[in-house]
Amino acid sequence: MSFLSIIAGKTSKYSSLRLMSVYPTQYVEPIVQKDKQNEQKTELSKLYHVPIKAAVNKSSDTVFHDDTKEKMINYITKKGNSALARTLLSKTFELIKRTQTEHMNLAKGEKNAINTNAETLLKQAVENCRPLLQVTAIKRGGVTYQVPVPITTRRSYFLAMKWLLDAAREKERKVSLPEKLAWEILDAAHGQGRVVKRKDDLHRQCESNRAYAHYRWS
Amino acid sequence: MRIPTALYAARGRSPQSEKDVPFQEILPLRLKNTVSGKADSGSDVACLQEMGVLFACLKDNEFVEKYCHKEISQFQNCFKCYMDRKFEAKKTVNQGIVQPGSNLNYKQLNKYMRRYPNPL
């Protein structure tokens, strides 16, 4: 089971914030994918008398469903235009596929070693960009220190995808987002490029600030 | 040579008479029925040791993560356990649901004391 589906299942385990929710607390998220319903068959009987939220308009039970893709589309979305975000991501995947197929055709030997599946490349890129810990600003004696602090799995995936998009948006006017995002994803999937460097810099900053870790409170 | 107190009295170092300074009970001279929650329960910082070990490993391996799998998983497990404990505590201890024993939270103590208040 993918990481995001597990996280989606336990939506608010650690956060008790229900900002702007139209639903009362008892309401439970719907399970749209048929295979996920089949996986949790034994737990479904508990939901018979629990009120369930309405499914989001754009959700559907497709073979092509992927949690990372959905999250990425949500992060690309601006002003609620998720249809545009979806087309942008599909163009990104097309570009990734084209570049990788070109590499594969030009490769002298071991053509199967080159991955052309854009989805798995995106997942790999996100995994490679995930930070292990983050920094928080803590004020002691008038000085604000950058203190290293543990990070939750959810936040690490969010930061990875956010950094990918930040790097993709830092571009010239003539370069389109799908192009730049495709390059960034391919770089990150191979463990090089700006986003992986940003993660590395964060780790180095944490390590250099390790003495301040005692300033934390829980 | 010890100077007797009487000589001090002659110079004005006499003890205070209570009539000059009447006793005023500004704060009530009784125990309260509540315990203050200000005592720092948040000073337990989680996973510092694991973090130190992780940093040492990363420094040795030039921040290449694949050589530090063990330390990374230890650190993440530690944090996960800590968050689980916190979640459980939030449900029981922090609500004030009393489980008899020692090391009670201030909320639990307050609930207990409300049942057996001090006589006025």
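**Exercise 1.** Which cysteine forms a disulfide with B:Cys47, and how far apart are their sulfur atoms?

*Solution.* This is a predicted model, in which local features need pLDDT of at least 70, side-chain atom pairs count only at pLDDT 80 or more, and totals for chains, interfaces and linings use all residues. Residues are numbered from 1 along each chain as its sequence is written, chains are lettered from A and ligands numbered from 1 in the order in which they are written, and side-chain values use heavy atoms, with hydrogens and water left out.

Step 1. A disulfide is a pair of cysteine sulfur atoms within 2.5 Å. The partner of B:Cys47 is B:Cys78, with the sulfur atoms 2.1 Å apart.

Step 2. Helices are DSSP runs (H or I, at least four residues), as are strands (E, at least two), numbered from the N terminus. B:Cys47 sits in the loop between α1 (5–10) and α2 (48–60) of chain B, and B:Cys78 in helix α3 (residues 69–91) of chain B; the pair links distant parts of the chain, 31 residues apart.

Step 3. The S-S torsion of B:Cys47 and B:Cys78 is about -105 degrees, so this disulfide is left-handed.

Step 4. Buried means under 20% relative accessible area, exposed over 50%, and partly exposed in between (1.4 Å probe, protein chains only). B:Cys47 has a relative accessible area of 5% and is therefore buried. B:Cys78, at 18%, is also buried.

**Exercise 2.** Find how many disulfides the whole structure has, and describe the one formed by B:Cys57.

*Solution.* Step 1. A search over all chains finds 2 disulfides.

Step 2. B:Cys57 is bonded to B:Cys68, and their sulfur atoms are 2.2 Å apart. B:Cys57 lies in helix α2 of chain B and B:Cys68 in the loop between α2 and α3 of chain B, so the bond ties together parts 11 residues apart in sequence.

Step 3. The torsion about the S-S bond of B:Cys57 and B:Cys68 is about -105 degrees, so the disulfide is left-handed. Both cysteines, B:Cys57 and B:Cys68, are buried.

Step 4. With the bonded cysteines of chain B numbered in sequence order, the pairing reads 1-4, 2-3.

**Exercise 3.** Decide where the nearest cysteine sulfur lies for A:Cys129 and for B:Cys81.

*Solution.* Step 1. A:Cys129 is in no disulfide, and the nearest cysteine sulfur, that of A:Cys206, is 16 Å away. A:Cys129 has 0% relative accessibility, so A:Cys129 counts as buried.

Step 2. B:Cys81 is in no disulfide either; the nearest cysteine sulfur belongs to B:Cys78, 7.1 Å away.
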